[in-house]
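Work through the exercises below with the sequence and the model at hand. Each task is followed by a solution in steps.

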Amino acid sequence: MIKTKKLKRSDKLGLLEAFLFLDFVKGLSITMRNLLRKPITTQYPKEKITPPKRFRGKHGHFVYDGEEPPSLKAIQGFMSFEKAKSRCVACYMCQTACPMPTLFRIEAVQMPDGTKKVVRFDMNLLNCLFCGLCVDACPVECLTMSDIHEMSVYRRSDAVLNMDEMEYIGATNAKAVRDLPDRIWRDDKERETLWGKIKWNF
Amino acid sequence: MNDIIFYAIVIAVKILVVLGVTLGLGAYLTWYERKFAGHLQVRRGPTVVGPFGLLQPLADGIKLMTKAPILPRGIDTTLYYLAIMMALIPAVMLFAVVPFGPSFKFMGHEIKPIVADLNIAILYVFAMGSMAAYGTLFAGWASNSKYAFIGSLRKAALIVSYEVVLGFAALSVILLAGSMNVFDIVNAQIRSGIWYIVYQPVSFILFLFCMLAESGRVPFDIQEAEAELVTGYNVEYGGMKFGIFPLAEWYLNTLGLCVIASVLYLGGWSGPHIFGSFSGYIWLLAKSFGLLFFVIWVHWTLPRYQAKDVVEFAWKYLLPISIVNLVFTAFLVYFKV
């Protein structure tokens, strides 16, 4: 609960304030107190903050590894999945939910035995605004977001995320983020060095 | 004949030392201000170039000098270049009448550590201050840009407000000392044993106000107002042509006026002899850097005035106060109270 402090001030300065520059001294004391504080700068390329669990970074695909939700177990007979490969079912729900649908390029083919196989899942991250709606829309908990936020590239074509990379992210970074407890910061030690101890209300 | 050569060499050495010290200090004051401002805002300031970012002024200089020279269309070329000189030269010339310490004997001659020992030094300071304003005015006029022009118009409004008050504020000290020579003023303070800030606190505060206004520091930096005027009068300048303006106005001018203020009010180089023969220089430097610290501290604390408010404030309050103070001082001096 934030307490608001209400101050009553008259339009004109009092006699004492006007002659002793009291407002002026108050302002100067605030900056002097800041001068004596430790800087809170994170020197970015040298030291990096761990993003919180709910951070929405580069996308990943969770792989087919036996930890599927029931919604996928019901239809996995119709799909041609491989172990440690993407568990996408090409339902196009992510594209439907996306505010900029053209950034997705999803293609699936029918295998000779009648099952469905996803052959292409490209995301053009230059158009992505990282709202996370695609992740919410995914019915099989395949599409996810990791904590990767350093995504600068030299060519525009490099900004397109393909399925191999998403599988890798899903198996490493996204999995690590998923298994964390739901706290805003990944580790308190890291955060306390920067912003001090925070009291949690729950 | 020998004497003339000796004094010529002495003056050349003085000029070289003063130029080197002031320009070097001016460059390093940028580092000092950035570091100080950073820590005031709980940041670190420059840290990357050299230990504690100490080589940052060098890196800045190289960056500014290697920039592509771009001249905006429709400028008045003569005034455009003249403005740079008009900003820099008076700011450096200000140091000609700055006494850095007491006079000493060297090879049988008495040498004063000052480039030009004028008997109207304080008047000269005011003159150079007024000349420096022309740099700002010319820059705004020659740039053919509305932001720069508004900036220089605001500077014009500022000049009419601070110049008169500055004169009246310093005049009361001149009355007390009975001289415009900086050596006489300091010696008078040393003789009486009391700094003039004790006799003239009101005048000191007025002088501080005018000092901030003349050097374009907050709360009177209305001519360069980053937020509204995209740095104002020097917006059309690039590279080192731009770098000269802050160097001259924010650093050299401020430093010069701080030294003059410590000479006028804080007793110049007077102080206990605890550093041997260098104590005079060290005391003067300590006092002027204390004032400079205060100026930069104020710069990074206060918001800025509106142009009309500065004029109103100066003419309605500061000028009457300074005149009353001056008349009061004149009475005291005349009747030898």
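**Exercise 1: salt bridges**

Lys308(B) and Asp309(B) form a salt bridge in which the closest N and O atoms are 3.5 Å apart; a salt bridge is a side-chain nitrogen of Lys or Arg within 4 Å of a carboxyl oxygen of Asp or Glu. The model is predicted: local features need pLDDT of at least 70, side-chain atom pairs count only at pLDDT 80 or more, and totals for chains, interfaces and linings use all residues. Residues are numbered from 1 along each chain as its sequence is written, chains are lettered from A and ligands numbered from 1 in the order in which they are written, and side-chain values use heavy atoms, with hydrogens and water left out.

Solution. 

1. Buried means under 20% relative accessible area, exposed over 50%, and partly exposed in between (1.4 Å probe, protein chains only).
2. Asp309(B), at 28%, is partly exposed.
3. Asp65(A) and Arg87(A) meet through their side chains in a salt bridge of 3.8 Å, N to O. Helices (H or I, at least four residues) and strands (E, at least two) are DSSP runs, numbered from the N terminus.
4. Arg155(A) is exposed because its relative accessibility is 55%; Asp158(A) is partly exposed, with 36%.
5. Glu107(A), Arg120(A) and Asp122(A) are linked in a network of salt bridges. Over all chains, the structure holds 14 salt bridges.

**Exercise 2: the sheet of chain A**

Task: give the order of the three strands in the open sheet of chain A, and name the edge strands.

Solution. 

1. Chain A has eight helices and five strands. Along the sequence, the pattern is α-α-β-α-α-β-β-α-β-β-α-α-α.
2. Two strands pair if DSSP finds at least two bridges between them. Strand 2 (residues 104-110) of chain A pairs with strand 3 (residues 116-124) of chain A in the antiparallel sense, over seven bridges. Here Ala108(A) stands opposite Val118(A).
3. The hairpin of these strands has five residues between them, and Gly114(A) takes a positive phi near 90 degrees there.
4. Strand 3 of chain A also pairs with strand 5 (residues 160-161) of chain A, antiparallel, over two bridges. Asn124(A) stands opposite Val160(A), and Met123(A) opposite Leu161(A).
5. Strand 2 and strand 5 of chain A are the edge strands, each pairing on one side only.

**Exercise 3: nonpolar cores**

Task: find which residues touch the most other members of the largest nonpolar core, and which helix gives the most to this core.

Solution. 

1. A nonpolar core is a set of buried Ala, Val, Leu, Ile, Met, Phe, Trp, Tyr and Cys residues joined through side-chain atoms within 4.5 Å.
2. The largest core has 87 residues, of which Ile122(B), Phe207(B), Met211(B), Phe245(B) and Leu264(B) touch the most other members. Helix 10 (residues 240-265) of chain B gives the most to this core, with 15 residues.
3. Another core lies apart from it, with 27 residues, including Phe81(A), Val89(A), Met123(A) and Leu161(A).
4. Contact means heavy atoms within 4.5 Å. Leaving aside neighbours within four places in sequence, Leu264(B) is in contact with residues including Ile122(B), Ala170(B), Tyr196(B) and Phe207(B).

**Exercise 4: the interface**

Task: how many residues of chain A are in contact with chain B, and how many salt bridges are counted between the chains?

Solution. 

1. Contacts involve 15 residues of chain A and 16 residues of chain B.
2. The two chains bury about 1,400 Å² between them, 72% of it on carbon and sulfur atoms; buried area is the accessible area (1.4 Å probe) that two parts lose on being put together, summed over both.
3. Leu28(A), Leu35(A) and Pro39(A) supply 34% of the area that chain A buries against chain B, more than any other three residues.
4. The count of salt bridges between chain A and chain B is zero.
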